[in-house]
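Subject: Structure handover

Dear colleague,

Here is the structure for your files. My notes on it follow below.

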Amino acid sequence: MSPSLSSVPRLVIAAPSSGSGKTTVATGLMAAFAARGLAVSPHKVGPDYIDPGYHALATGRVGRNLDAYLCGPELVGPLFLHGARGCDIAVVEGVMGMFDGAAGEGELASTAHVAKLLGAPVVLVVDASSQSRSVAALVHGFASWDPEVRVGGVILNKVASDRHEELLREALESAGVPVFGVLRRVAQVDTPSRHLGLVPVAERRAAAVDAVAAMGAQVAAGCDLEGLLGLARGAGALACAAWDAAEVLDSSPPPPLPAPTLGAAAPRPPLRPERPRPQTPDGLVVAVAGGPAFTFSYAEHSELLAAAGADVVVFDPLRDEQLPDGTRGLVIGGGFPEVYASELSANEPLRKAVAALAEGGAPVAAECAGLLYLCRELDGQAMCGVLDARARMSGRLTLGYRDAVAVGDSVLAPAGTRMRGHEFHRTVVEPGAGAAPAWGVRAPAPRVEGFVQQGVHASYLHTHWASEPGVARRFVERCRTS
């Protein structure tokens, strides 16, 4: 990508800590700006895959992640510009507290780090429910901690009364940071949570639409939208070009494919005819799992697959009894199969179709939820049986970034390939690795994990293919030759 100057009005929504109201404010701002007829580009700092679903509802555009750990700092600007093409304003929701990033890595992947990479002003969302004059000290500390981070204003959340608001505004005058909004507690903007955070949009679409509308109305009523738009327009140009899937593939040739070790291919089951879909010239269909049970997929993955020559078709393992017509490869991302274990198990025709596809040597890439779905069982419910492993819910949360290296050749990468990933689950797979593991991981303790067998690559690690675009081309080439 040749350097160019690009400028998109933009704001980063940050907070002193989790639970301050970033999602409410960010999603509400997106909805409020969109209601005014602006084209809004939604972004989320970090690997979170639930908030972008709410962002997409608010804006009508795909919610995209900006993760300086998974993709590297050098890709944050290009990926941002890719998502923001043709937009009037971009709103970037932060992660955790403003300066909280990858453990032991300083500022890396923090909201502050991404704000600096984007040259974007920060709006700090402060939970003011238990303070008055102390808010000035808090805001002053965040505004002055890193001179390279521009805190352009504050939105006060959970303000109790007019008198409380008056005290807060008086205190903040001394901090020299403008107050762009004051929000009171409003029950209808609350969104339900469970073991891994908010319930995804796909599982509660009607209620989520109402919640997003309520967030937009609350922010529009309580915030200075003109002032915030003016702040966003003050962001300077970025000295980089927008990321482009086809362009990066052209400049990132795939590593050589692994030698075939498939043996005789098992016959594939007949597939149910479906409605006509656009096809690539050679009809190479890559099926991508979606629906309520599989809600997590970075948009760039499908874009890279399409740029590599695949016809990407989304299907719902809860509803569809067969894979899409002509499926040559399968991608099963993250989600909540543990919530839908009985329904997934009941769809026996699809489970058998997935197993037959894998047994025939077709490429299958499965991450986290996809790994569980390929096991013999999940919490005692029969799954696809592609992997000789069992999965179950546990009381322990596994969470964090991971440095990984490919242990052996697979449909995604040759042995020795280094990628960064993220784990986020409350399940356990036994055994945790097959005879040919997917990845070697250094932290929190050295281990191998995941499964590579025939054309299957299954692992708990979520990876972002934009960091290693040759993965998509390699996968599609294997689809073409298997």
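How many bridges join S19 to strand S24, and in which sense do the two run? Two bridges join them, and the strands run antiparallel. S24 covers residues 462–463. Please keep in mind throughout that this is a predicted model.

Strands

S19 (residues 418–430) also pairs with strand S18 (residues 390–406), in the antiparallel sense and over twelve bridges.

Helices

Helix H1 spans residues 22–35 and helix H2 spans residues 51–59. Their axes lie 8 Å apart, and the helices pack at an angle of about 20°. Angles under 35 degrees count as roughly parallel, so H1 and H2 are roughly parallel to each other. Their crossing is right-handed.

On the H1 side, the residues in contact are Thr-23, Thr-27, Met-30, Ala-31 and Ala-34. They meet Asp-51, Tyr-54, His-55, Ala-58 and Thr-59 of H2. By type, the residues of this contact divide into five nonpolar, four polar and one charged.

Ile-50 is found in the loop between strand S3 (40–45) and H2. Is Ile-50 buried or exposed? Its relative accessible area is 5%; buried means under 20%, so Ile-50 is buried. The C-alpha atom of Ile-50 is separated by 8.0 Å from that of Thr-295, although the two residues are 245 residues apart along the chain.

Regards

Methods: Residues are numbered from 1 along each chain as its sequence is written. This is a predicted model: local features need pLDDT of at least 70, side-chain atom pairs count only at pLDDT 80 or more; totals for chains, interfaces and linings use all residues. Side-chain values use heavy atoms; hydrogens and water are left out. Two strands pair if DSSP finds at least two bridges between them. Helices (H or I, at least four residues) and strands (E, at least two) are DSSP runs, numbered from the N terminus. Axes are lines fitted to C-alpha atoms, for helices over the stretch in contact, and angles run from 0 to 180 degrees between N-to-C directions. Angles under 35 degrees count as roughly parallel, over 145 as roughly antiparallel, 65 to 115 as roughly perpendicular and the rest as oblique. A crossing is left-handed if the near helix is turned anticlockwise from the far one by less than a right angle, and right-handed if clockwise. Contact means heavy atoms within 4.5 Å. Ala, Val, Leu, Ile, Met, Phe, Trp, Tyr, Cys and Pro count as nonpolar, Asp, Glu, Lys and Arg as charged, and the others, Gly among them, as polar. Buried means under 20% relative accessible area, exposed over 50%, partly exposed in between (1.4 Å probe, protein chains only).
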